[in-house]
Every structure is written in structure tokens, then in C-alpha cells.
Amino acid sequence: MENALKIYGLQKLSMVDYPGKLAATVFTGGCNLRCPFCHNALLVTRLSESPQLDTEDVLHFLRKRRGLLDGVVLSGGEPLLQNGVVEFLQAVRDMGFSIKLDTNGCYPDALAEVLDRRLADYVAMDIKNTPKKYSLTTGVADFDLAPVQRSIDILKTGAVDYEFRTTAVRELHTLEDVVGIGAWLQGAPRYFLQNFEDSGNLIGTGFHGFSEDELDALAAAAAPYFGTVHVRGF
């Protein structure tokens, strides 16, 4: 495939990555962010330690799963930084699968192209923190929030079903931060708080999640700003 997507992982069956669907999850390599709590360091800073999968082999696997799986999730890393996204998603769409895209929102033009071509049915966009804490949370000095804001605006037009989600990290997020995120994204249909879990494959060190009661309190603080707020990780 010309401009083949750089794939470094394939989860052949997931019941949690795509809400309400049995799906395969495809992981691309590379990311523009360096979030210190990222649990996929192998896909961000240590790609040389992960073998790259052949794109055609992945598509061949998906073809064999037609009728058995409902959908395909494209995750990362950050999928939209690559040139081969549209070609890959078109091939998946031609197989009849529903498609979920995970993104950090830093590539609004690529997101708009995917949506204009109707190559995603559901988008999950990571919201790292309040605007003033984006640089700290992404590990990128002088982070430019403008592309993220454009992606938010694109999703809020309602062109595709979507969610915003935040990985809640004790050292990086406070109740006031969650309220600030809610005020920023106010009116979105759904928001998820995902509790941080140490995968053993982090970019940084010294991070912890919240207790179930604490995360419920964060969700309650966000609830007035969204259609629904849910907690993941327990």
C-alpha cells in the first residue's frame, strides 16, 4: 500500500476499546507529545524496541474477521500524524467495519479530512488538562493549544459521534482542574475520566491514580458541564 501506515501493535479482540462493539485495535507508532504518564512509551519514545507490522498483513487479518468483529479502532501513539491514515481507513471502511479513531487533537486538518471522507463513526479525543496546564501535562514546552481547540470545535459541530476523555493522574490533576476542563468543553455530549494505571511502560515516573471515591468526586464536579460523565478504570 502506498504511504502505508506505520503499525506497531494489533489487539485482535477488544470488548472495551469501542463502546458497545467487538473490535480489533490497531496501534500506530510515534507521537508529537511526551506526556510523562503515557502508558505506551514503546509506541512513543522507544519504537526501535517494537517490531513494525506489515500493513497488508493487518488488513488481511481484518478481512478474515468480517462478520465476526463489529469495528476497528485506530489508536496510537497518535494516528493522525501519519500520511497513510486515509488510505488505511478507506480499506477498513470498504470491508464494512465501523471505525473508531483515537486522537490527541493536535492535527485538526487530518481530523477534518477523515470526517469529510466519512472514515470514522466515533472519535475519542484526549483532553490532557486545563489549557494553562497543557504544557506541563503533555511534556511539551510552550505547547500551542490552537490546533487542539480547532479539533474540539470540529467535534462539537456534531459531524460525528464523539467523546472527550482525560486520564486522571494524582500528581497532575485537581478537582479545580476538572472543573476548568468542564467549563472549557461545556456542552459536549459525553466526558470520561480514566483513572491512571501504571503499565510499567511509562515515559516518566512517580505517578499515581485516584481512589474510586476520589474519582467519583471528580466526575461529580464535571457533571454539570456535559450530557453524561462516566468513570473508567474500576
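Me: Happy to dig in! Which rings count as an aromatic pair here, and how are the planes classed?

Reply: Rings of Phe, Tyr and Trp (its six-membered ring) pair if their centres lie within 6.5 Å; planes under 30 degrees apart count as stacked, over 60 as edge-to-face and the rest as tilted. This is a predicted model, where local features need pLDDT of at least 70, side-chain atom pairs count only at pLDDT 80 or more, and totals for chains, interfaces and linings use all residues. Residues are numbered from 1 along each chain as its sequence is written, and side-chain values use heavy atoms, leaving out hydrogens and water.

Me: How many aromatic pairs does the whole structure hold?

Reply: A pair of aromatic rings is described by the distance of the centres and the angle of the planes. The search finds six such pairs. In one of them, Tyr-191 and Phe-226 are stacked, at 4.6 Å centre to centre with 15° between the planes. Tyr-191 sits in strand S7 (residues 190–195) and Phe-226 in the loop between helix H8 (212–222) and strand S8 (228–232), so the pair links parts of the chain 35 residues apart. Helices (H or I, at least four residues) and strands (E, at least two) are DSSP runs, numbered from the N terminus.

Me: Are Tyr-191 and Phe-226 buried or exposed?

Reply: Buried means under 20% relative accessible area, exposed over 50%, partly exposed in between (1.4 Å probe, protein chains only). Both Tyr-191 and Phe-226 are buried, and buried residues make up 51% of the 234 in the protein.

Me: Which residues form an aromatic cluster?

Reply: Tyr-134, Phe-143 and Trp-184 form one.
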